[in-house]
Amino acid sequence: MKNTFGKNERLCSPRVIGRLFQRGSTEVNTFYLFPFRVLYIIDKEAPTPLPQVLFSVSKKSFKRAVDRNLIRRRCREAYRLNKASLLALSTESRPSYIAFLYLAKEITSYDVIETAMKQSLKKLEKLPRPVQKNQNS
């Protein structure tokens, strides 16, 4: 498997992004793992076999675009290098859409980001399996 992060893995759809950030939605699951807040949706009807990923850095915390871009690059690289464990899961138990929100107030080193990314992906691997809905009920 190639360690690439192509266009088909980037979450660009405004409709799906709206679903991820909809307040009070029962289909969106979340957890915190410093410096990230991770939002994800497990969707069996997702069109792509790979999870689509979004990285977000607050403009309120980092006024300069250079700083936001640096953090996003570090997050994307950490995900790209460590996503193989997530791709080994079956498509039914793997999250279809994932958003990584960077919450720290300062620029952290790549080592801290990579460690947190590894732990986040490990936590996503150990998600409870979705309950099969019975068609007759």
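## Briefing: strand S4 and the cores around it

Strand S4 is covered on both faces, with Tyr97, Ala99 and Leu101 buried on one side and Ile98, Phe100 and Tyr102 buried on the other. Here, buried means under 20% relative accessible area, exposed means over 50%, and partly exposed is in between, using a 1.4 Å probe and protein chains only. Helices (H or I, at least four residues) and strands (E, at least two) are DSSP runs numbered from the N terminus.

This is a predicted model, in which local features need pLDDT of at least 70 and side-chain atom pairs count only at pLDDT 80 or more, while totals for chains, interfaces and linings use all residues. Residues are numbered from 1 along each chain as its sequence is written, and side-chain values use heavy atoms, with hydrogens and water left out.

- Six of the six residues of S4 are buried, so the strand is largely enclosed by the rest of the structure.
- As background, side chains in a regular strand alternate between the two faces of the sheet.
- S2 and S4 pair in the antiparallel sense over six bridges; two strands count as paired if DSSP finds at least two bridges between them.
- Within S4, isoleucine 98 is the residue opposite tyrosine 40.
- S3 and S4 run parallel and are joined by six bridges.
- Valine 57 has tyrosine 102 of S4 as its bridge partner.

**The nonpolar cores**

- The largest nonpolar core has 24 residues, and those with the most contacts inside it are Phe36, Tyr79, Phe100 and Tyr102.
- A nonpolar core is a set of buried Ala, Val, Leu, Ile, Met, Phe, Trp, Tyr and Cys residues joined through side-chain atoms within 4.5 Å.
- Two or more residues of this core come from each of strand S2 (36–41), strand S3 (52–57), helix H2 (65–82), strand S4 (97–102) and helix H4 (110–125).
- H4 gives the most to this core, with five residues.
- There is also a second, separate core of 10 residues, which includes Leu20, Ile41, Leu54 and Leu101.

**Aromatic pairs**

- Which rings form a cluster through ring pairs? They are those of Phe5, Phe36, Phe55, Phe62, Tyr79, Phe100 and Tyr102.
- Rings of Phe, Tyr and Trp (its six-membered ring) pair if their centres lie within 6.5 Å; planes under 30 degrees apart count as stacked, over 60 as edge-to-face and the rest as tilted.
- By this rule the count comes to nine aromatic pairs.
- The ring centres of phenylalanine 36 and tyrosine 102 are 6.3 Å apart with planes at 75°, so this pair is edge-to-face.
- Because phenylalanine 36 lies in strand S2 and tyrosine 102 in strand S4, the pair ties together parts that are 66 residues apart in sequence.
- Phenylalanine 36 and tyrosine 102 are both buried.
- Phenylalanine 55 and tyrosine 79 also form an edge-to-face pair, because their ring centres are 6.1 Å apart and their planes are at 65°.
- With phenylalanine 55 in strand S3 and tyrosine 79 in helix H2, this pair ties together parts that are 24 residues apart in sequence.

**Two residues to look up: Phe55 and Tyr79**

- Phenylalanine 55 is buried, with a relative accessible area of 10%.
- Leaving out residues up to four places away in sequence, phenylalanine 55 touches Phe5, Arg72, Cys75, Arg76, Tyr79, Phe100 and Met117, where contact means heavy atoms within 4.5 Å.
- Tyrosine 79 has 0% relative accessibility and so counts as buried.
- Beyond its neighbours within four places in sequence, tyrosine 79 is in contact with Phe5, Glu9, Pro51, Val53, Phe55, Leu86, Phe100, Met117 and Leu121.

**Helix H4**

- The buried residues in H4 are Ile113, Glu114, Ala116, Met117, Ser120, Leu121 and Leu124.
- Seen down the axis of H4, its buried residues fall within an arc of 165°, so they line one face of the helix; the arc is that of the directions from the helix axis to the C-beta atoms.
- These buried residues pack against strand S1 (29–33), S2, S3, H2, helix H3 (84–87) and S4.

**Loop details**

- Serine 96 lies in the loop between H3 and S4, and at 7% relative accessibility serine 96 counts as buried.
- Not counting residues up to four places away in sequence, serine 96 touches Ile41, Ile42, Asp43, Ala46, Leu50, Pro51 and Gln52.
- Proline 35 is found in the loop between S1 and S2, and the peptide bond from phenylalanine 34 to proline 35 is cis, with omega near 5°.
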